[in-house]
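This report covers a ligand site and a few points of backbone geometry. The structure comes before the discussion.

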Amino acid sequence: MIKKIYAAITAVGGYVPEDKLTNFDLEKMVDTNDEWIRTRTGISERRILKGDGLATSDMVVPAVKQLCEKRGIHPEEIDCMIVGTVTPDMVFPATANIACDKLGAKNAWGFDVSAACSGFLYSLTLGASLIESGRYKKVVVVGADKMSAIVDYSDRTTCIIFGDGAGAVLLEPNNEGYGVLDSILRSDGSGSPFLHMKAGGSLKPASVETVMAKEHYAYQEGQTVFKFAVKGMADVSAELLERNNLTGDDIAWLVPHQANLRIIDATANRMGLPKEKVMINIEKYGNTTAATIPLCLWEWKHEINKGDNLVLAAFGGGFTWGATLVKWAY
Ligand code: UT7
């Protein structure tokens, strides 16, 4: 009998820039204060990629290098790389393409996925499908964003949440039932007005006017996004448990997108999970968009055991949202 091929996560890599932007630094830039930011979001500091000529691919490269070293493989062995990002190095070519060149991943093809904060989950589901098809043996899935490139540091409601970073996982075939078991992904384009970048696309190409009007920054109506995020992330996570006949007791870890501690708490409560089972690093890194979930896996990898059930959950611009069930393979 032919056994089903699962896409197992076999290595994790991560990268955060050294430079920190603390709440106290932000107090000097906009009318805000440490206490407001911490109580409303759970964030104390974020990392910022500084330096001329440095872009998202420069965070992807060290994350993937680390992953290759851990697994003992050369980048030439990578078949495909998928990068979830809304801050690509440039509109085209894809950041995956640029990163593969910098890495020497000469045999890989690759592409970017634009799904904002759900970018990693969308990419993971795609990558898993490539493995499950039997055609590919080593697929690298990355979530990476240099949010500091599109944040307006005079907009106090938005600039306080975002940071920069990259996280990556390697997917390989597994015949023993370890890996990506199920995924529910959703999108609703009517949410676009509440979180988007107004200019720089084909609708409003860059011009002096768009730059003057600050239309190349991320625009967010925080409260509206917050309401949809709480419901979206919690609903889809509960649905994923239900359709797999699982309860909170069966889940070792919730790995939530780190947008706001209050959204994370609401999702954990809905799933009946205590705080000890929830990966939270928003305090140190803020919201790194597509990078939050793989950065959690990177930081917690020594505490995850073979056979653990993980629920990865996200909500973001688009709107896009989803939840993925993973059985840890090592
Ligand atoms: O990652 C993908 C998707 N994104 C999210 O999931 C983010 C979801 N949204 C949020 O996390 C929150 O909406 C924010 C953190 C962005 C904002 O928090 P909020 O609790 O929704 O604040 P608000 O915009 O409703 O503002 C409440 C008050 C306002 O003052 P008044 O009108 O009540 O006097 C704001 O002007 O807080 C004020 N305020 C601030 N005060 C100090 C807004 N930003 C700040 C600030 N410092 N940085």
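An oxygen atom of the ligand lies 2.5 Å from an N or O atom in the side chain of Gln 223. A polar contact is a pair of N or O atoms within 3.5 Å; within protein, one must be able to donate a hydrogen and the other to accept it, and residues adjacent in sequence count only if both atoms are side-chain atoms. His 257 has a side-chain N or O atom 2.9 Å from an oxygen atom of the ligand. For Thr 32, a side-chain N or O atom is 2.7 Å from a nitrogen atom of the ligand.

On its own the ligand has 940 Å² of accessible area, and the protein covers 76% of it. Areas come from the Shrake-Rupley method with a 1.4 Å probe; for residues, only the protein chains shown count as cover.

## Basis of the model

The model is predicted: local features need pLDDT of at least 70, side-chain atom pairs count only at pLDDT 80 or more, and totals for chains, interfaces and linings use all residues. Residues are numbered from 1 along each chain as its sequence is written, and side-chain values use heavy atoms, with hydrogens and water left out.

## The shell

The ligand is surrounded by 23 residues (a heavy atom within 4 Å). The closest are Thr 32, Arg 40, Gln 223, Asn 260 and Asn 287. By class, the shell has 9 nonpolar, 10 polar and 4 charged residues. Gly counts as polar here, and Asp, Glu, Lys and Arg as charged.

The largest share, 4 residues, comes from α8. Elements giving two or more residues include α2 (34-41), α8 (222-243) and β12 (309-316). Helices (H or I, at least four residues) and strands (E, at least two) are DSSP runs, numbered from the N terminus. Domain 1 (6-179) and domain 2 (181-327) both contribute to the shell, so the ligand lies between them. The domain bounds come from an automatic or database assignment.

## Backbone exceptions

Most residues other than glycine have a negative phi, and most peptide bonds are trans. A cis bond joins Phe 92 and Pro 93, with omega about 0°. Pro 93 is in the loop between β4 (80-84) and α4 (95-103). Another cis bond joins Gly 318 and Phe 319, with omega about -10°. Phe 319 sits in the loop between β12 and β13 (320-327).

Ala 116 has a positive phi, near 50°.
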